[in-house]
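Colleague: Could you walk me through this model? Start wherever you like.

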Amino acid sequence: MHTKRIIVGITGASGAPYALRLITRLAHANCEVHLLASALGRRLMADECGIKKLDAEALTGGRASQLTIHNENDLGGPVASGSFRHDGMIIVPCSGNTLSKVAYGLTDNQLQRAAMVTLKERRRLILAHRETPLSLVEIEAMRAATLAGAIVMPLSPGFYLNPTTMDDLVDFMVARMMDLLGVEHEIQPTWDEHLAAERAARRGEQA
Ligand SMILES: Cc1cc2nc3c(=O)[nH]c(=O)nc-3n(C[C@H](O)[C@H](O)[C@H](O)COP(=O)(O)O)c2cc1C
């Protein structure tokens with residue numbers, strides 16, 4: 001089976017637990033994961049996940065060999081090149097700053113450059129944005145990024161699967177991310193399965 005190669009970018013928006021869970025799940029799905037994190041992204045990993053230094057073992061839950069951590073300041077790094085073939089890039093969480101840079105083609109670090117290259121090579125780019133409310137500046141940047149081929153994915157978990165823990169909410173979004181990246185998972189029931197389970201439970205009550 002083809003091993004998927006996925007680039008994950010972490011920027012300085014709230015939502016580092018999404019990134020941590022996604023990386024762990026991708027590694028356990030045997031994906032080859034390449035990580036780029038901005039300075040503020042690293043800070044939020046420390047603030048929100050207690051990970052003070054990005055470490056492959058901790059990020060992958062014991063699958064360190066699946067993860068390569070790149071230097072975001074190296075604009076000549078491998079991930080910044082169009083010849084670096086991959087199956088998709090996701091920036092999670094994606095700050096308004098990085099959203100705007102990507103939308104208008106600015107490449108101040110290797111993360112932004114990798115996103116720009118992903119667009120120019122017509123590969124899948126997902127921007128898991130977190131900010132609320134939105135100004136027209138961000139709405140226009142989302143429009144520009146979408147027209148350029150990116151998928152803007154607001155980090156807004158649904159409640160229809162009746163989450164009871166923060167892990168459930170994180171997994172709700174991570175499942176949608178893995179769907180968009182084309183990586184198989186068994187995180188949560190689909191809506192169809194959820195409805196079928198509800199119907200079965202109702203039948204049980206009536207019996
Ligand atoms: C604690 C903290 C939380 C932040 N949360 C957000 C956020 O949720 N969304 C956002 O767009 N920016 C947020 N910011 C601001 C960004 O970190 C800031 O715009 C920064 O320049 C982003 O840089 P980067 O895109 O290179 O990571 C936050 C900053 C801090 C310090």
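This is a predicted model: local features need pLDDT of at least 70, side-chain atom pairs count only at pLDDT 80 or more; totals for chains, interfaces and linings use all residues.

Modeller: Helix α1 (residues 16-28) packs against helix α2 (residues 39-49) at an angle of about 95°, and their axes are 8 Å apart. Helices here are DSSP runs of H or I with at least four residues, strands are runs of E with at least two, and numbering starts at the N terminus. Axes are lines fitted to C-alpha atoms, for helices over the stretch in contact, and angles run from 0 to 180 degrees between N-to-C directions.

Colleague: How are α1 and α2 oriented to each other, parallel or perpendicular?

Modeller: α1 and α2 are roughly perpendicular. That label covers 65 to 115 degrees; under 35 is roughly parallel, over 145 roughly antiparallel, and the rest oblique.

Colleague: Which residues make the contact?

Modeller: A16, P17 and L20 of α1 meet L44, M45, E48 and C49 of α2. Contact means C-beta atoms, placed from the backbone, within 7 Å.

Colleague: New topic. What is the strand order in the sheet?

Modeller: The open sheet has six strands, ordered β3-β2-β1-β4-β5-β6, with parallel pairing. Strands pair if DSSP finds at least two bridges between them.

Colleague: Which strands stand at the edges?

Modeller: β3 (67-69) and β6 (151-152) do. Each has a single partner strand, so one side of each lacks a neighbour in the sheet.

Colleague: How many bridges join β1 to β2?

Modeller: Six, and the two strands run parallel. I6 stands opposite V33 in β2. β2 (residues 32-37) pairs with β3 over three bridges.

Colleague: And β5, is that strand buried or exposed?

Modeller: Five of the five residues of β5 (residues 125-129) are buried, so the strand is largely enclosed by the rest of the structure. Buried means 20 or more other C-beta atoms within 10 Å of a residue's own, exposed means 12 or fewer, and partly exposed is in between; C-beta atoms are placed from the backbone.

Colleague: Which way do the β5 residues point?

Modeller: L125, L127 and H129 point one way, I126 and A128 the other.

How values were computed
Residues are numbered from 1 along each chain as its sequence is written. Two residues are in contact if their C-beta atoms, placed from the backbone, lie within 7 Å.
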